[in-house]
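Subject: Model for your files

Hello,

Here is the structure I said I would pass on. My notes on it follow below.

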Amino acid sequence: MKPNSGTLVINIMNGGKAEAYEGVYQCTARNERGAAISNNIVIRPSRSPLWTKEKLEPNHVREGDSLVLHCRPPVGLPPPIIFWMDNAFQRLPQSERVSQGLNGDLYFSNVQPEDTREDYICYARFNHTQTIQQKQPISVKVFSTKPVTERQPVLLTPTGSTSTKVELRGNVLLLECIAAGLPTPVIRWIKEGGELPANRTFFENFKKTLKIIDVSEADSGNYKCIARNTLGSVHHVISVTVKAAPYWITAPRNLVLSPGEDGTLICRANGNPKPSISWLANGVPIAIAPEDPSRKVDGDTIIFSHVQERSSAVYQCNASNEYGYLLANAFVNVLAEPPRILTPANKLYQVIADSPALLDCAYFGSPKPEIEWFKGVKGSILRGNEYVFHDNGTLEIPVAQKNSAGTYTCVARNELGKIQNEVQLEIKDPTMIIKQPEYKVIQRYGQVSFECIIKHDSTLLPTVTWLKDNDELPDDERFLVGKDNLTIMNVTDKDDGTYTCIVNTTLDSVSASAVLTVVAAPPTPAIIYARPNPPFDLELTGQLERSIDLSWIPGDENNSPITSFVIEYEDALHEPGVWHYQTEVPGTQTTVQLKLSPYVNYSFRVIAVNKIGRSQPSEPSEQYLTKSASPDENPANVQGIGSEPDNLVITWEPLKGFQSNGPGLQYKVSWRQKDVDDEWTSVIVANVSKYIVSGTPTFVPYEVKVQALNDLGYAPEPSEVIGHSGEDLPMVAPGNVQVHVINSTLAKVHWDPVPLKTVRGHLQGYKVYYWKVQSLSRRSRRHVEKKILTFRGNKTFGMLPGLEPYSSYKLNVRVVNGKGEGPASPDKAFKTPEGVPSSPSFLKITNPTLDSLTLEWGSPTHPNGVLTSYTLKFQPINNTHELGPLVEIRIPANESSLILKNLNYSTRYKFYFNAQTSVGSGSQITEEAVTIMDEAMTSRQVDIATQGWFIGLMCAVALLILILLIVCFIRRNKGGKYPVKEKEDAHADPEIQPMKEDDGTFGEYSDAEDHKPLKKGSRTPSDRTVKKEDSDDSLVDYGEGVNGQFNEDGSFIGQYSGKKEKEPAEGNESSEAPSPVNAMNSFV
């Protein structure tokens, strides 16, 4: 332990093991007055163990599956920081798909071929020991399968549907949800029955981690994470409980008592669970400490009665629960000490006139001494509103005048003695700039000078500093600083700016500024327009009590006529150095009669104005002090408003200094209860702005008036205002509360007004508290969220909008005044009727076959009643988006799927689906789906369309078709014309349809231009169809189905059905060529 110190030093730099010093330490400081103890100090050595050896097998994963790479770092102290890198020490990129969990594991929502690598390495960094441990590399190999199966979200962590989390008050709450699925799920967080805290909520790790800082008990509740992709969603509810280690409400404080006095030590703490309080005396549990008859322990309070000097001790308060403890020392010092004054004797205080003066008198003694102040050697005790006496003994003179200077004596006394101390106060004249620098316009390369002539107290040494644009002057020999001026030689453009003269003394500081504008020298003499020069030779004549004549001589107008003169005044008696606007006269006028107020020490100055701007002010005129008079006006804005139920606070706006009209400004405050035959009660107060009348009845009207007076008399009789004594909370609740349910979302509530006497204040209105108890369809309670509607004035009814159908509600009504709310009426229960449901939560169509589709659906999110059935309507859609006949099916409410049979193959259908309650049908959800085409044809296209030999064969077939087209064209011209167009219109080949490239099923309908249904005969190569040419002789026009045959003279003899196998030929042909339509479909 260090000498003369309580510091314990443990040094293992020269040997020794840290583990030898592991343990719990506590410091005790003791003297004859008692013993104080410290909090427990826990010392634990840091640890950074190595990873255990393990054999890691390569991870073989199918593309699209999820994967978790476990880190499992060694347990260190403090815990390590985990991160993943590769062999090149580069951080592995993370995204919504690949991210690191809070436990350090690396999660893949779905693996991709680019995830294949052999150097997934988990690192653990132990900051305290400055070491990094490395896990053996993990190998991941992704093998591809076509097609990749999309999957609904599944949570990787946490598992199950619910979990719990306990966090301590003030800590950071971290909740994590990581999901697998393809496409990669998106995570969303909500708090059930409430909102996430706005300024303390953050999302990390691509929204997989919810972070709430500085948690409190209000953050307890259920937090739901929802993982969603295009195939569905999954959620997990985490029940969060916020506990709290003990925290202080009132910590015990040191207590200084004199013999025979009483006192208390209070130790109050809170926490979750509620902490237990225990007391120690001088480090020993108070139950086994030496007895003290003056001490009594009452829970969290120790009560001392009639203490003696032997009662001095150090008491410890311990507040503990399972999450921590608090320990505080409080010294109870029983002293009998005569007064001592700690402020040095004859201390000198210097202040500027009209500024506050603070004279210290620091003291000590037991019992606590009383402090009194005197002025002069034989002066009387200081009292009155011109002084402020602080609890620490300091005397404050708010406005120190010249006559405030002198010797002040502070006297401290208690029953053991008294002591006094003298201090000196000197009042100094304020520093003023009597000749300020003026605005200058100077030509380039000229010379300019700014004046700064000051007046100051002769005992203070001023220092003058010049600034340019609020910064130091440039270090340039062209700048010459004189005693009372600044001169700039050979002015350049960079000298343009604002120059400030600052005068500092040890007690005050003043400044003044002027702008320097540098202009170019004109090539020829030109007229310079500038602000006018200030007026001069101000003269006062015709002095009367309420008026005076002011005259002046205008300065040079600088080529711009003077438009007006502004007259300002200074009141050196009340506001020295502050200039106020008095009046404005035309520029042709050089004299004016000014109205004056009593008891004002006037000075005047004049400012000339032209189109360029305002001149600098003139030199002030001589001073003129008007005689005192009684006030002309009373305070404005008089109000009487109670702040407590038993008082009346009368306030007003005090008169300004020059409005007082004389010395000794005071106010006569008068009040009486209205409508009661009472006399006025009056009191005269100093120059303040508030008076409190105590002991008044609750909320009764009063007549109030405030009259100004000074040493010469009263102001005119003031007008009366009506005020009220303080309000109290209303006493009764509204009665006869009735609810009329208008519809499933709207209700009307009625109540009887409360008697006005029971309001006990200004009636502001009524508040209706209402909340949903439960949904009648789900029969499950939820977190109660009360809503409040306020109805202003004396209304007795109100509408409750936005209710949820088929739900149970409760409400109560309270009356409101300016103090707050009254008691609530008894809770009134009511129920809303059923409404129409929302749309079903989803509609999925799966398992398409030649003639059937499977429909699956979810019940409405908001059933708003008891579901009675579902209605399914569907109709076919042809290639031109025309709708076929509508079929309607009624489905029982307990069903969630349906297989539709006997449908047409290769046909698109549109489905309309909604739910019904007894009230009616809800909004519908729509979906479209397609039955598949002929399975044999589909299989053939999928199996051979991508084979090389087949592509070569199709090229040969295309060449053969071209030859056949030419032959047919020649023969048709020889054999005559056939009514081909009529056949084409009557028979559309169903096989000539666009197909997807991947699986041969029909393509989805879309509004995109590239996928609109093609017109008859318009087939493009990108759609795997034959394009109809301008000629009507194309074989496509003859593809009529299974019976079409074509003879040498142009008649039909063969099938163009697209079958691969050969069939018996008719006529002279030995075989039949493949259908040109299907051949081109396969080829392209």
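Buried here means under 20% relative accessible area, exposed means over 50%, and partly exposed lies in between (1.4 Å probe, protein chains only). By that scale I966 is partly exposed, because its relative accessible area is 48%.

Two points on the source. The model is predicted, so local features need pLDDT of at least 70 and side-chain atom pairs count only at pLDDT 80 or more, while totals for chains, interfaces and linings use all residues. Residues are numbered from 1 along each chain as its sequence is written, and side-chain values use heavy atoms, with hydrogens and water left out.

Surface patch

I966 sits in helix 3, residues 948-975. Helices (H or I, at least four residues) and strands (E, at least two) are DSSP runs, numbered from the N terminus. I966 also belongs to a nonpolar surface patch of about 700 Å², together with L959, L962, I963, L965, V967, F969 and I970. Patches are made of residues with over 30% relative accessible area and no salt bridge, with like charges joined within 9 Å and nonpolar side chains (Val, Leu, Ile, Met, Phe, Trp, Tyr) within 5 Å. A salt bridge is a side-chain nitrogen of Lys or Arg within 4 Å of a carboxyl oxygen of Asp or Glu. Areas come from the Shrake-Rupley method with a 1.4 Å probe, and for residues only the protein chains shown count as cover.

An open antiparallel sheet is formed by three strands in the order 15-19-18. Its edges are strand 15 (173-176) and strand 18 (201-204), each of which pairs on one side only. From one strand to the next the twist averages 20°, with axes as lines fitted to C-alpha atoms (for helices over the stretch in contact) and angles running from 0 to 180 degrees between N-to-C directions. Strands count as paired if DSSP finds at least two bridges between them; strand 18 and strand 19 (residues 209-212) have four, in the antiparallel sense. Among the bridge partners, T201 goes with I212 of strand 19, and F203 with L210 of strand 19.

Backbone exceptions

Most residues other than glycine have a negative phi, and most peptide bonds are trans. Against that background:

- T157 to P158 is a cis peptide bond, with omega near -5°; P158 is in the loop between strand 13 (151-157) and strand 14 (162-168).
- L182 and P183 are also joined by a cis peptide bond, with omega about 5°; P183 is in the loop between strand 16 (178-182) and strand 17 (186-191).
- N558, not a glycine, has a positive phi of about 55°. N558 is in the loop between strand 51 (547-553) and strand 52 (564-571), and counts as buried because its relative accessibility is 17%.
- N736 has a positive phi near 55°. N736 lies in strand 65, residues 735-743, and counts as partly exposed because its relative accessibility is 48%.

Contacts of G587

Which residues does G587 contact, leaving aside its neighbours within four places in sequence? They are I562, T563, S564 and F565, contact meaning heavy atoms within 4.5 Å. G587 is in the loop between strand 53 (575-586) and strand 54 (591-595).

Regards
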